[in-house]
Amino acid sequence: MHPFHYEQPKELGSSVERVSRVKEATFLAGGTGLLDLMKLGVETPALLVDVRKLPLAQIEELPDGGMRLGALARNSDVAFHPLIRERYPMLSEALLAGASGQIRNMATVGGNILQRTRCPYFRDVTTPCNKRQPGSGCSALEGINRGHAVLGVSETCIATHPSDMSVPLAALGATVRIQGPKGERTVPFTDFHLMPGTTPQRETVLEHGDLVLSVDVPALPAAKRSLYIKVRDRASYAFALASVAAALEVEGGVIRQARLALGGVATKPWRAVAAEQKLVGQAPSPQLFQEAAKAALEGAKAREHNGFKVELAQRIIVRALTTLGGRS
């Protein structure tokens, strides 16, 4: 592992200032993703600033009925929180579908949404990867790309975003609170992650020295009628080949509100706005759900080994909507 220095400031401001002043510094929280990448030589920070002692582990109700998930809140604590399970079943289910119990006990909200791709070429420093070394090329384009993205891709990168938790957060319209050297700001969750374009090494809107404070989830009555479906190669400890977070509010036989987001098939958590628009104002039906699923995958670009993901994603969308449409 590359040698590094370690510090643990006692205050938020000093933590942000310390990282912002050192080019090769980064924050350390749960460490479940960062330390793995350091062992592989993918991440080589000169300074780790430990933020685990900062007061950012809250899981609390907001005045408008939403929920604030502190950046240091453990994934397991969020998943089993009674208000999360009651108001946002899709979020609880997504967290419990990820990793293992041991990792969920260590992993944090901030680390979850910031985790980096599991593309094997990104994690292998002997292979070209534009995300790891800009301009070196993308090995996945003509390589083994069964697990790669079909939405939001470019000729520089087709790596899939790995987070389960981020999928329902995109569907729910969450907001990310960020503290940086210039002060605090908020960013809509759907704008937080970036598509690769010509700069795949830039994955989020965070600038150097920015620290995620919390993810705020809005009050959304429709989310009580929600679920998360994940399809993977094995029953646990595996990343999604395709996943969907879905919520429906049906009143008087008509869909009043719909939320839909996809994981495992895109370069970022993918809010399926076109599919939502297909659903709202219509009566639930198999044909409508098929049309919505088709709209969700419009523009998909498959490679040699991952074309199956298009139909797979469409099928689990229909399954999710059929399940929710039949609930009273």
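A crossing of two helices is called right-handed if the near helix is turned clockwise from the far one by less than a right angle. I noted this first, as the term is needed below.

**Entry 1: the model.** I recorded that this is a predicted model. I then looked up how the chain is divided, and found domain 1 at 5-53 and domain 2 at 221-326. The C-alpha centres of domain 1 and domain 2 are 36 Å apart.

**Entry 2: the annotated stretch.** I consulted the UniProt record, an unreviewed entry, which places the feature "domain: FAD-binding PCMH-type" at residues 1-222. Over residues 1-222 I read 27% helix and 17% strand. The end C-alpha atoms of this stretch lie 47 Å from each other.

**Entry 3: H11 and H12.** I turned to helix H11 (residues 286-296) and helix H12 (residues 308-325), which pack at an angle of about 140° with their axes 9 Å apart. Angles over 145 degrees count as roughly antiparallel and 65 to 115 as roughly perpendicular; H11 and H12 are therefore oblique to each other. Their crossing is right-handed. On the H11 side, I listed Phe289, Gln290, Ala292, Ala293, Lys294 and Ala296 as making the contact. On the H12 side, I listed Gln314, Ile317, Val318, Leu321 and Thr322. By class, I noted 7 nonpolar, 3 polar and 1 charged residues in this contact.

**Entry 4: Glu155.** I located Glu155 in the loop between helix H7 (109-114) and helix H8 (166-172). Which residues does Glu155 contact, leaving aside its neighbours within four places in sequence? I found Leu141, Lys301 and Arg303. I also looked up Val254, 99 residues from Glu155 along the chain, and found their C-alpha atoms separated by 41 Å.

Definitions and conventions. Residues are numbered from 1 along each chain as its sequence is written. This is a predicted model: local features need pLDDT of at least 70, side-chain atom pairs count only at pLDDT 80 or more; totals for chains, interfaces and linings use all residues. Side-chain values use heavy atoms; hydrogens and water are left out. Axes are lines fitted to C-alpha atoms, for helices over the stretch in contact, and angles run from 0 to 180 degrees between N-to-C directions. Helices (H or I, at least four residues) and strands (E, at least two) are DSSP runs, numbered from the N terminus. Angles under 35 degrees count as roughly parallel, over 145 as roughly antiparallel, 65 to 115 as roughly perpendicular and the rest as oblique. Contact means heavy atoms within 4.5 Å. Ala, Val, Leu, Ile, Met, Phe, Trp, Tyr, Cys and Pro count as nonpolar, Asp, Glu, Lys and Arg as charged, and the others, Gly among them, as polar. Domain bounds come from an automatic or database domain assignment. UniProt positions are given in the numbering used here, feature names are shortened, and annotations may be inferred rather than shown by experiment.
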